Each structure stands twice: as C-alpha cells, then as structure tokens.
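Here is a friendly walk through one protein model, written for someone who likes to know the cut-offs behind each term. Have the viewer open as you read.

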Amino acid sequence: MRNARNHKALETWRCWLSSAPNHGTMEANVLLERYIITADPENIKAVLATQFEDFGKGQGFHDTWKKLLGDSIFSTDGAQWRGSRHLIRPLFVKDRVSDLHVLEQHVQQLLKTIAADGPHDGRKVDISDLIFRYTLDVATDFLLGESVGSLRSPEQAFETAF
C-alpha cells in the first residue's frame with residue numbers, strides 16, 4: 001500500500017513476480033481481497049483469450065465500473081457477457097479489424113466534439129457521454145454499414161431509444 005501511494009506499485013510487482021516460484025504468477029491478499037498477479041504469457045493468454053469465460057470480473061468490478069461502462073462486455077460476466085460478445089463478434093472478423101479508417105474518422109469526430117466545448121486549460125472534462133456516443137457511432141457504422149452520427153447530432157431518436 002505504501003509503495004502504491006508512492007507510485008512504486010509496478011516496481012513492487014516486478015520484484016515480487018521475479019521471485020515467484022510459479023513462472024511469474026503469485027497470489028496476494030490485500031484488505032480481505034484476493035488478487036492473482038501474473039506476468040506469465042500463457043496465463044495472460046488464458047485469461048484474455050482461450051479460457052476467458054473461466055475468469056469472471058465479479059460483482060465488485062461491475063459495481064465500480066457500471067457508471068462508465070454500463071452493462072457492457074467490459075463489465076459483465078456469464079450470460080450477459082456472452083450476449084454482448086455475440087453482438088459485437090462481427091466487429092472482429094479479419095476484414096473488419098483492418099478497417100481502421102472507420103475508427104479513425106470517428107476518433108477525429110470525437111476530438112472535434114471535445115474541442116468544440118472550448119479550451120479546457122487543464123480542467124477536468126466529463127467525456128462519459130461522448131464515449132458512449134463514440135461507441136454507438138462506431139458500432140452502428142461497423143454493424144449496420146452506416147453510423148447514426150450521434151457525436152455530430154446528439155439529439156436522435158435512435159440514441160435515446162438505445
């Protein structure tokens with residue numbers, strides 16, 4: 001905890017993992033929470049790809065991130081996660097992943113929309129609504145072949161219904 005407060009958590013984890021007997025994987029209990037920390041590429045592959053469904057994020061993660069991520073693929077587990085994954089699977093077919101110009105045009109629109117709010121001069125900017133609208137624009141562009149354009153025109157029946 002002291003090292004985390006002093007911005008040295010990464011250093012600490014590297015030290016722990018380098019001495020871990022299980023190929024760079026260890027378990028830690030912090031404030032009654034169980035954590036598994038790994039730098040083992042095979043474990044990371046299992047968690048992120050080959051055995052993803054076996055590693056839920058849990059209710060605590062969902063409760064913490066729901067305000068920003070909603071009930072999305074990034075914050076849910078089980079059947080709800082599978083439903084989200086099934087919905088966005090078409091986005092990740094090989095020919096779509098290489099379709100980066102679509103993402104780029106929406107990123108540029110997102111940046112224009114943020115800039116249109118005026119100079120921020122180091123002040124905090126709440127972009128949660130803009131991220132939702134960006135995601136909606138990208139998803140509809142990929143899935144339907146045309147974006148709903150919610151970043152350009154936020155008051156839309158489709159966005160409100162969604």
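Predicted model: local features only at pLDDT ≥ 70, side-chain atom pairs only at ≥ 80, totals over all residues.

## A buried leucine in a loop

Leu151 is found in the loop between H8 and helix H9 (157-161); helices (H or I, at least four residues) and strands (E, at least two) are DSSP runs, numbered from the N terminus. At 3% relative accessibility, Leu151 counts as buried, where buried means under 20% relative accessible area, exposed over 50% and partly exposed in between (1.4 Å probe, protein chains only). Leaving aside neighbours within four places in sequence, Leu151 is in contact with His106, Gln109, Leu110, Thr113, Leu130, Arg133, Tyr134 and Asp137; contact means heavy atoms within 4.5 Å.

Residues are numbered from 1 along each chain as its sequence is written, and side-chain values use heavy atoms, with hydrogens and water left out.

One of the contacts of Leu151 is Asp137, which is found in helix H8 (residues 128-144).

## Salt bridges

The structure holds five salt bridges. In one of them, the side chains of Glu27 and Arg34 meet at 2.8 Å, N to O; Glu27 is partly exposed at 46% relative accessibility, and Arg34 is exposed at 56%. Lys66 and Asp71 also pair up, at 3.5 Å from N to O, with Lys66 at 40% and Asp71 at 37% relative accessibility.

Asp77 forms a salt bridge with Lys57, the closest N and O atoms being 3.5 Å apart. Asp77 lies in the loop between H4 and helix H5 (78-88) and Lys57 in the loop between H3 and H4, so the pair ties together parts that are 20 residues apart in sequence. Asp77 is partly exposed at 31%, as is Lys57 at 25%.

## The largest pocket

About 1,200 Å³ of space lies in the largest pocket. Of its 31 lining residues, the closest to the centre are Arg34, Tyr35, Ile36, Ile37 and Thr38. S2 gives the most to this lining, with six residues.

On a 1 Å grid over the protein atoms alone, a pocket is an open set of points where a 1.4 Å probe fits, with protein on both sides within 12 Å along at least five of seven lines; lining residues have an atom within 4 Å of a point. Grid points are joined across faces, edges and corners, and a volume is the space filled by probe spheres set on the points.

## Two positive phi angles

Most residues other than glycine have a negative phi. His7, in the loop between H1 and H2, has a positive phi of about 60 degrees. Leu31, in the loop between S1 and S2, has a positive phi of about 50 degrees. His7 is exposed at 76% relative accessibility, and Leu31 is exposed at 67%.

How values were computed:
Salt bridge = Lys/Arg side-chain N within 4 Å of Asp/Glu carboxyl O.
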